[in-house]
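This report covers charged pairs, the nonpolar core and aromatic contacts in one protein model. The sequence and the structure come first.

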Amino acid sequence: MKQATIITTNGQALPFSFGMAALSAFMDAEDLTLATLGALGEGMKLSTAINLMWYGFSDGHRREKLPFDLTREDVADLIDDDGELLQKCMDIFAASMPKYANADDEKKETRRMKART
């Protein structure tokens, strides 16, 4: 299992990861599909971004086998105190998503994923 990325913020070292477990839970919570995931960044609500970060911190703690007790409000407070935290998390999220050479490859992958379910 891939290790989490450690994000240092507000004097804390917090593990953050966005693997398939986090992605699946986040998509369920936000009622997203594979087809809508690609447009997630366009007009994302702040509450969605906080939710995404919460799942990333939760998954990071799981991967590092650490207890996790942050609430979504705690995550919002972390953002209040570190103006760069949201961007750090979004960069890790973006890097964890599958890369496609072009839109046709993405459509093929979406069809392949749907065929599995």
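A salt bridge here is a side-chain nitrogen of Lys or Arg within 4 Å of a carboxyl oxygen of Asp or Glu. The model is a predicted one.

## Salt bridges

The count under this rule is three salt bridges. In one of them the side chains of Asp59 and Arg63 meet, with an N to O distance of 3.1 Å. Because 3.1 Å lies within the 4 Å limit, the pair qualifies. Asp59 and Arg63 are four residues apart in helix 3, which separates them by about one helical turn. Arg63 counts as buried, at 17% relative accessibility, and Asp59 is buried as well, with a relative accessible area of 4%.

Asp59 also forms a salt bridge with Arg62, where the closest N and O atoms are 2.7 Å apart. These two residues are three apart in helix 3 (residues 46-63), again about one helical turn. The remaining bridge links Lys88 to Asp82, with 3.5 Å between the closest N and O atoms. Lys88 is partly exposed at 28% relative accessibility, whereas Asp82 is buried at 12%. Through shared partners, salt bridges join Asp59, Arg62 and Arg63 into one network.

Arg62 is located in helix 3. With a relative accessibility of 41%, Arg62 counts as partly exposed: the value falls between the 20% limit for buried and the 50% limit for exposed. The side chain of Arg62 makes a polar contact of 2.7 Å with the side chain of Asp59.

When residues up to four places away in sequence are not counted, Arg62 touches Met1 and Ala21. Pro15 is 47 residues from Arg62 in sequence, and their C-alpha atoms are 8.9 Å apart in space.

## Nonpolar core

The largest nonpolar core has 26 residues, and Phe18, Phe57 and Leu85 have the most contacts inside it. Two or more residues of this core come from each of strand 2 (12-16), helix 1 (20-30), helix 3, helix 4 (72-81) and helix 5 (85-96). Helix 3 supplies the largest share, six residues.

Which residues are in contact with Phe18, leaving aside its neighbours within four places in sequence? They are Leu23, Phe26, Leu52, Tyr55, Gly56, Asp59, Phe93, Ser96 and Met97. Asp59, the salt-bridge partner of Arg63, is therefore a residue with heavy atoms within 4.5 Å of Phe18. Phe18 is itself buried, with a relative accessible area of 4%.

## Aromatic contacts

The model has seven aromatic pairs by the rule applied. Phe26 counts as buried, at 0% relative accessibility.

One aromatic cluster is formed by Phe16, Phe18, Phe26, Trp54, Tyr55, Phe57, Phe68 and Phe93. Phe18 and Phe57, members of this cluster, are also among the residues with the most contacts inside the largest nonpolar core. Trp54, another member of the cluster, has the charged end of Arg72 over its ring, 3.9 Å from the ring centre.

Conventions: Residues are numbered from 1 along each chain as its sequence is written. This is a predicted model: local features need pLDDT of at least 70, side-chain atom pairs count only at pLDDT 80 or more; totals for chains, interfaces and linings use all residues. Side-chain values use heavy atoms; hydrogens and water are left out. Buried means under 20% relative accessible area, exposed over 50%, partly exposed in between (1.4 Å probe, protein chains only). A polar contact is a pair of N or O atoms within 3.5 Å; within protein, one must be able to donate a hydrogen and the other to accept it, and residues adjacent in sequence count only if both atoms are side-chain atoms. A nonpolar core is a set of buried Ala, Val, Leu, Ile, Met, Phe, Trp, Tyr and Cys residues joined through side-chain atoms within 4.5 Å. Rings of Phe, Tyr and Trp (its six-membered ring) pair if their centres lie within 6.5 Å; planes under 30 degrees apart count as stacked, over 60 as edge-to-face and the rest as tilted. A charge sits over a ring if NZ of Lys or CZ of Arg is within 6 Å of the ring centre and within 35 degrees of the ring normal.
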